[in-house]
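Hi everyone, thanks for coming. I'd like to walk you through a model today, so let me put it up on the screen.

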Amino acid sequence: MMIMGHLLHHISPAFPISKHTPKFSSKFSVDCINNIDKYSTTKPPISWSTNLISVAIAVALVAPLPSHAIPFTPFNPKSSSTTTPFSQAQNLPTGLENGKIRPCPAINPGCISSNPKSSNFSFPWKIEGYSSSSAAIQQLQDAILKTQKNAKIQLVEDTPTGMYLQAEVDGGFGRDVVEFLVNGDVVSYRAMATKVTYVYPFTTALGDSKGQEERLQQIVNELGWYAPRFDLMD
């Protein structure tokens, strides 16, 4: 304790040294030194030992506390910018695009559209005995409700490019969406499955557009409108 007190005083006089430092007899000090000599073959120089202890105490006294820990941020898949065909197929857009019926998404084979940019293309229809867009839209609603299972009209809207109709019907793996745009005596359309099925680990969707073709054929047959087809052309 006396040695420690002298070291602290040597490092910084600001540390007060207690006057009530316990005293030890010279015999006790000699016994301690003799016991140390028994287990030490090499005695370091007194000045070297004192300096080493002084440095150790000084470092302990002046070392700063640890800085603020860096918080761990777990990986969030939702924040990842990586997109896959499966993730894109979870939110397929509907409605008009630039005043036109949308093409079929490349990731959805269960679709057919009269938009010429679509891979699954079908010709627009022509209304026989056309009178007005409003009358044509009403005929479309009646035909959809009559020919399709659990049909529900979602939207009828007058737009700058014609009368737009959207309906939901039962599909092979959930609900499908059918859309029509009546512009004069020309009817553009798209029929699309809202659920796209994938088999892991493949990234190509299952299905085809045959079910949508049959659905549209049922509707146009009920209406009696003209629907050009590739297989009927010479």
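Let's start with one lysine: Lys 126 has a relative accessibility of 39%, which makes it partly exposed. Before I say what it pairs with, please keep in mind that this is a predicted model.

So, which side chain meets Lys 126 in a salt bridge? The partner is Asp 185, with N and O 2.6 Å apart. Lys 126 belongs to strand 2, residues 125-126, while Asp 185 sits in the loop between strand 5 (174-183) and strand 6 (186-193), so this pair links parts that are 59 residues apart in sequence. Asp 185 is partly exposed too, at 26% relative accessible area.

Now over to the helices. Lys 146 and Glu 222 form another salt bridge, and their closest N and O atoms are 3.1 Å apart. Here helix 5 (residues 133-147) supplies Lys 146 and helix 6 (residues 210-223) supplies Glu 222, so the bridge ties together parts 76 residues apart in sequence. The lysine in this pair, Lys 146, is exposed at 63%, whereas Glu 222 is partly exposed at 38%. There is also a network: Glu 168, Asp 170 and Arg 175 are joined by salt bridges that share partners.

One more pair for you. Arg 102 meets Glu 97 at 3.6 Å, N to O. Is Arg 102 buried or exposed? Buried, because its relative accessibility is 17% and the cut-off for buried is under 20%. Glu 97, on the other hand, is partly exposed at 37%. In total, the structure has 7 salt bridges.

Let's turn to the nonpolar side. In soluble globular proteins, nonpolar side chains tend to be buried together. In this model the largest nonpolar core has 24 residues, and Trp 125, Leu 140, Ile 144, Phe 180, Val 182, Ile 219 and Trp 225 have the most contacts inside it. Helix 5, strand 4 (162-171), strand 5, strand 6 and helix 6 each give two or more residues to this core. Which element gives the largest share? That's helix 5, with 5 residues.

Have a look at Trp 225 while we're here. Beyond its neighbours within four places in sequence, Trp 225 contacts several residues, including Trp 125, Leu 140, Val 187 and Val 220.

Thanks, and I'm happy to take questions!

Notes
Residues numbered from 1 in each chain as written. Predicted model: local features only at pLDDT ≥ 70, side-chain atom pairs only at ≥ 80, totals over all residues. Heavy atoms only, no water. Salt bridge = Lys/Arg side-chain N within 4 Å of Asp/Glu carboxyl O. Buried < 20%, exposed > 50% of the residue type's maximum accessible area, 1.4 Å probe, protein only. Helix = DSSP H or I, 4+ residues; strand = E, 2+ residues; numbered from the N terminus. Core = buried A, V, L, I, M, F, W, Y, C linked by side-chain atoms within 4.5 Å. Contact = heavy atoms within 4.5 Å.
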